[in-house]
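Please keep the model open while you read these notes.

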Amino acid sequence: MYINICTNSNGKKYTCKEQVMASEKARHFAEKGNQKDVAAYTQNYGAHREGISMKEVADYYTEWANSNRYEVDLGPERYRGPKIATDCLCELFPDNREGVKILDIAAGTGFLGEELWKKGYRSIDGLDPAEGMIEAARKKNVYTNLICDFMSEKKLDFDEDTYDAAAIAGGMGEGHIPCGALYEMIRIVKPGGYIVIVMREEYLEHVSDYKNKLEPLMKELELSGHWIKLERRIVPKYSFENNGVVFIFKKC
């Protein structure tokens, strides 16, 4: 069953403003007469609504995963993030992928892990704060390790310089990964390794934690010698026909 857009995972009511925002964004799909897209968009909006906390995000995703609707709602025809991130990583690692160690941040039910496995990667760890997502991802049998935790400013139980690459496909948003988590991503990636972030472009303006903060911090980290930006590009129809943005950095 779909979680009504008027309530969050704890049963609290959304504001009227939030309901209007959701209906405005879904109108395009409604006009096309595709009610399945409208319902899927509304469900996805619930995980990104204004003011949602990180704990509420994790609870929401667990409930969504347990409903067996997540992979239907965010199928490849609506959400291209994992495919885009995989293509980026395959360009960075054109061969010898079996030994490349990757951390899939905000792994969800394992969309990105599955795509990477198809391309020959065999050392993939997954990180996600939602227990329901972790359990669904475990069934895919593509991850070496699955860790139930948040990617945030907090130091994770990983050694420095562990991964050849860290990738985020869809893990950015309201109440999701904060700007300060960039420091932790840099810490756990090896010198010369890569950080790939694929996210919805509009979140750079609509998410308060990112607006006038995320890209300035990315630039600050480059100027301070933490990483080098290799690419920033817009990708069309990233999710629900909204544009996405891809960031690729190389750790110094």
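1. Start with the cavity. One cavity of 30 Å³ or more is counted. A cavity here is a set of points, on a 1 Å grid over the protein atoms alone, where a 1.4 Å probe fits but cannot get out. Grid points are joined across faces, edges and corners, and a volume is the space filled by probe spheres set on the points. The largest cavity has a volume of about 490 Å³.

2. The largest cavity is lined by 39 residues; lining residues have an atom within 4 Å of a point. Nearest its centre lie Tyr61, Ala106, Gly170, Gly171 and His176. H3, E1, helix H6 (111-118), E2, E5 and E6 each give two or more residues to the lining. The largest share, five residues, comes from H3. Helices (H or I, at least four residues) and strands (E, at least two) are DSSP runs, numbered from the N terminus.

3. A word on the source. This is a predicted model: local features need pLDDT of at least 70, side-chain atom pairs count only at pLDDT 80 or more, and totals for chains, interfaces and linings use all residues. Residues are numbered from 1 along each chain as its sequence is written, and side-chain values use heavy atoms, with hydrogens and water left out.

4. Next, the sheet. Seven strands form an open, mixed sheet in the order E3-E2-E1-E4-E5-E7-E6. Two strands pair if DSSP finds at least two bridges between them. E3 and strand E6 (227-239) are the edge strands, each pairing on one side only. E2 and E3 run parallel and are joined by four bridges.

5. Which residues of helix H7 (residues 131-138) are buried? They are Gly132, Met133, Ile134, Ala136 and Ala137. Buried means under 20% relative accessible area, exposed over 50%, partly exposed in between (1.4 Å probe, protein chains only). Their cover includes helix H3 (54-66), helix H4 (70-73), strand E2 (123-128) and strand E3 (145-148).

6. Last, the cores. A nonpolar core is a set of buried Ala, Val, Leu, Ile, Met, Phe, Trp, Tyr and Cys residues joined through side-chain atoms within 4.5 Å. The largest has 45 residues, and Tyr61, Leu89 and Tyr121 have the most contacts inside it. A second, separate core of 33 residues includes Leu127, Cys179, Ala181 and Met218. Beyond its neighbours within four places in sequence, tyrosine 121 is in contact (heavy atoms within 4.5 Å) with residues including Leu89, Phe93 and Ile102.

Conventions: 1 Å grid on protein atoms, 1.4 Å probe; cavity = no way out; pocket = protein on both sides within 12 Å on 5 of 7 lines; lining within 4 Å.
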